[in-house]
Amino acid sequence: METKLSSSLQAMRMFSETYAKKTNTFFCSDPSITAVVIEGLAKHKEEYGAPLCPCRHYDDKEAEVSSAYWNCPCVPMRERKECHCMLFLNPENEFAGGEQTIEEKLLLQNNL
């Protein structure tokens, strides 16, 4: 039986790949980090209607979504290309891999 990605997970995968190419950034050399971050973005998009950064603690996620500061791509990423989640890394970052795409099977492993 073939497993498909949820629509929000597929949307976040496509967004992440497109944004990485647009900004000349790369995913982490450890693809499991990329998969977990994309999964977190998709979960927040489903729950709150926006891809809130999954790597931060929030006292009130709905308030954070409304402020839009930490909605991906967050303000630090848009302004300075600084991604706290290590999803979008500059080529010179020691953790940057060479990929701007992620295999669907890696997302499926984490999408249980």
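A residue is called buried when its relative accessible area is under 20%, exposed when that area is over 50%, and partly exposed in between, using a 1.4 Å probe and protein chains only. Keep that in mind for this tour of a predicted model, where local features need pLDDT of at least 70, side-chain atom pairs count only at pLDDT 80 or more, and totals for chains, interfaces and linings use all residues. Residues are numbered from 1 along each chain as its sequence is written, and side-chain values use heavy atoms, with hydrogens and water left out.

Start by selecting Phe 27 and Phe 88: both are buried. Phe 88 has 1% relative accessibility. Their rings form a tilted aromatic pair, 6.5 Å centre to centre with 40° between the planes. (Rings of Phe, Tyr and Trp, taking the six-membered ring of Trp, pair if their centres lie within 6.5 Å; planes under 30 degrees apart are stacked, over 60 edge-to-face, and the rest tilted.) Phe 27 and Phe 88 are 61 residues apart in the chain.

At 22% relative accessibility, Phe 15 is partly exposed. How far apart are the ring centres of Phe 15 and Phe 88? They are 6.1 Å apart, and because the planes meet at 90°, the pair is edge-to-face.

For the last stop, select Arg 56 and Trp 70. The charged end of Arg 56 sits over the Trp 70 ring, 3.7 Å from its centre; this label requires NZ of Lys or CZ of Arg within 6 Å of the ring centre and within 35 degrees of the ring normal.

Key
Helix = DSSP H or I, 4+ residues; strand = E, 2+ residues; numbered from the N terminus.
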